[in-house]
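Subject: Structure handover

Hello,

Please find the sequence and structure below. My notes on what was found follow after them.

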Amino acid sequence: MKISWFKRDITPEIGTKVSGYCMDDVSFSQWSELLMTGLLADDGENRVLLISFDLQCMDKEYIHKFRQMCGAILNIPPEAVMLTFTHTHGGPQTNCEAGYSDHLNVPYLEMLENALREECQKLVNAPQAVDCHTYFYSIAVDENKNRRVVSADNYAAFLPHNAEFRPLANGFTDQELGSVMFIPTAEGMARFPAYVIGNYAAHPLAAHSFGTGGRRISADYPAPFREYVTAETGAECMFVSGACGDMIPKKDELGSEGTREMGRHLAEGILRSMIDASRNSARFKMQSPKVGAICRTLQVPLRKLYRNNPDMLREQDLGKNEIELEIQCLAIGDVCFVGVPGEWCAELGAEVKWHSAFRKSFIAFGATGYQDYMCPGNFLLQGGYEAKKQHFAPRYSIAMVKTAVDATYDLQELLDPAAPNEERDPQTVNNQFRIKNFPL
């Protein structure tokens with residue numbers, strides 16, 4: 001695998017309105033810079049570009065426009081370009097929020113388009129591709145919790161508005177810190193990683209403390225996460241947010257120190273991953289990794305609550321009875337990033353991970369647009385914030401999951417047409433990766 005990458009500061013000026021809780025919050029300081037990080041992976045036949053923005057989200061119209069532009073510059077299909085967002089609430093408004101379309105920061109989006117064009121052009125004009133071995137890893141890090149508490153009679157309480165229920169929080173929690181690591185093949189460089197991608201599910205709201213905390217330009221915990229990884233390993237680093245719809249930091253909204261602590265703990269998980277992966281190459285080094293990408297769509301009917309409701313639906317969707325949702329899958333060897341059209345709750349993300357055709361699948365937040373929260377169907381009976389915000393009928397959540405799972409199988413068949421959906425013998429797998437049974 002050959003890789004090249006870019007990192008660009010996309011921090012807006014202080015005084016810019018920040019997205020998040022209040023649409024009229026104006027930033028008065030900067031806690032951390034906002035970054036646009038991109039990785040171009042080339043397997044010798046195909047290339048894919050993965051880009052992560054320290055932004056809350058983006059409308060699909062802009063996502064499609066940017067995909068087309070990057071694909072044209074790099075001479076790759078648009079679906080081979082994935083844009084994803086860390087979902088920080090400390091950045092400018094880059095989507096048409098229902099009832100607040102006039103808050104869309106068009107000049108900032110124009111700046112972003114020019115910056116993205118320049119960085120892609122640099123990848124073409126001055127490629128500095130590094131030959132790498134590619135590794136994957138997965139480790140549990142206890143830095144998040146489910147913000148929904150459901151009673152015995154199946155009613156939900158929303159923890160941010162019901163602090164007294166926090167000790168009762170026992171909902172499903174996805175604590176997987178997934179990673180893809182690139183270690184140069186050059187002699188003498190085997191212990192010096194070049195690049196690492198980390199994936200974790202938690203709203204970036206640790207730094208979003210009451211009062212001034214919500215009016216600072218901030219990437220939240222992804223910033224100290226990246227900084228610590230780079231400082232300790234020398235590797236450039238990208239953060240990809242997962243299915244964080246109902247996941248919050250353990251120190252949700254408690255300010256800067258908790259944010260730094262969370263970022264460091266996640267970074268330490270990456271360091272542990274690097275150590276174990278590099279010392280167990282037979283298990284975690286990808287063998288002849290290939291790259292590729294596909295997109296799939298499905299039509300879902302809008303809930304009656306949302307149809308033609310300007311207070312709950314963005315202007316582009318008014319007058320519609322159904323909307324189109326898009327799923328994008330981007331593979332780097334044994335890992336598939338599954339791009340989703342909004343804030344998936346962790347339960348949906350886990351379903352895709354459990355049923356995926358790839359060794360590991362990681363959810364990529366908002367990669368195909370922003371259609372608000374998306375939940376398991378029963379959430380709409382339980383109620384709660386996430387359920388209220390879902391735009392489409394509950395039975396179609398599983399259809400969306402099935403579309404995503406089917407897409408992983410379709411992509412896997414494209415990458416390995418000689419053996420589509422081939423079942424693997426467990427004993428062969430155990431021998432291949434030298435897994436031994438140790439006596440207790």
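Thr16 sits in the loop that runs between strand E1 (2-9) and strand E2 (29-30); helices (H or I, at least four residues) and strands (E, at least two) are DSSP runs, numbered from the N terminus. The model is a predicted one, in which local features need pLDDT of at least 70 and side-chain atom pairs count only at pLDDT 80 or more, while totals for chains, interfaces and linings use all residues. Residues are numbered from 1 along each chain as its sequence is written, and side-chain values use heavy atoms, with hydrogens and water left out.

Single residues

Is Thr16 buried or exposed? Thr16 counts as buried because its relative accessibility is 17% (buried means under 20% relative accessible area, exposed over 50%, and partly exposed in between, with a 1.4 Å probe and protein chains only). Not counting residues up to four places away in sequence, Thr16 touches Asp25, Val26, Ser27, Pro92 and Asn105, where contact means heavy atoms within 4.5 Å. From Thr16 to Leu116 there are 100 residues in sequence and 21 Å in space, C-alpha to C-alpha.

Thr134 is part of strand E6 (residues 130-140). With a relative accessible area of 1%, Thr134 is buried. Its contacts, leaving aside neighbours within four places in sequence, are Met1, Val180, Met181, Phe182, Phe284, Lys285, Met286, Pro289 and Ile332. Thr134 and Cys22 are 42 Å apart in space, C-alpha to C-alpha, and 112 residues apart in sequence.

Phe158 belongs to strand E9 (residues 156-158) and counts as buried at 11% relative accessibility. Leaving aside neighbours within four places in sequence, Phe158 is in contact with Arg147, Tyr385 and Glu386. Phe158 and Ser4 are 154 residues apart in sequence and 43 Å apart in space, C-alpha to C-alpha.

Two residues have a positive phi although they are not glycines: Asp220, at about 60 degrees, and Ser288, at about 50 degrees. Asp220 is placed in the loop between strand E12 (216-217) and helix H3 (222-233), and Ser288 in the loop between helix H5 (281-284) and strand E15 (291-301). Asp220 counts as buried, at 3% relative accessibility, whereas Ser288 is exposed, with a relative accessible area of 66%.

Nonpolar cores

The largest nonpolar core has 92 residues; such a core is a set of buried Ala, Val, Leu, Ile, Met, Phe, Trp, Tyr and Cys residues joined through side-chain atoms within 4.5 Å. Which of its members touch the most others? They are Leu49, Ile51, Phe53, Leu116, Phe182, Ile197 and Phe337. Apart from this core lies another, of 31 residues, among them Ala243, Tyr306, Met312 and Val405.

Helix pairs

Two packed helices are described by the angle between their axes and the distance between the axes. Axes are lines fitted to C-alpha atoms, for helices over the stretch in contact, and angles run from 0 to 180 degrees between N-to-C directions.

The axes of helix H1 (residues 60-74) and helix H2 (residues 106-125) cross at roughly 20 degrees and come within 9 Å. H1 is therefore roughly parallel to H2 (angles under 35 degrees count as roughly parallel, over 145 as roughly antiparallel, 65 to 115 as roughly perpendicular and the rest as oblique). The crossing of H1 and H2 is right-handed; a crossing is right-handed if the near helix is turned clockwise from the far one by less than a right angle, and left-handed if anticlockwise. Residues in the contact include Tyr62, Phe66 and Met69 of H1 and Leu109, Leu112 and Leu116 of H2.

Helix H3 and helix H4 (residues 256-279) pack at about 45 degrees, with their axes 7 Å apart. That angle makes H3 oblique to H4. H3 also passes H4 in a right-handed crossing. Among the residues making the contact are Phe225 and Tyr228 of H3 and Leu266, Ile270 and Leu271 of H4.

Helix H6 (residues 346-355) packs against helix H9 (residues 396-415) at an angle of about 35 degrees, with the axes 9 Å apart. This crossing of H6 and H9 is right-handed. Leu348, Glu351, Val352 and His355 of H6 make the contact with Ser397, Met400, Val401, Ala404, Val405 and Tyr409 of H9.

Regards
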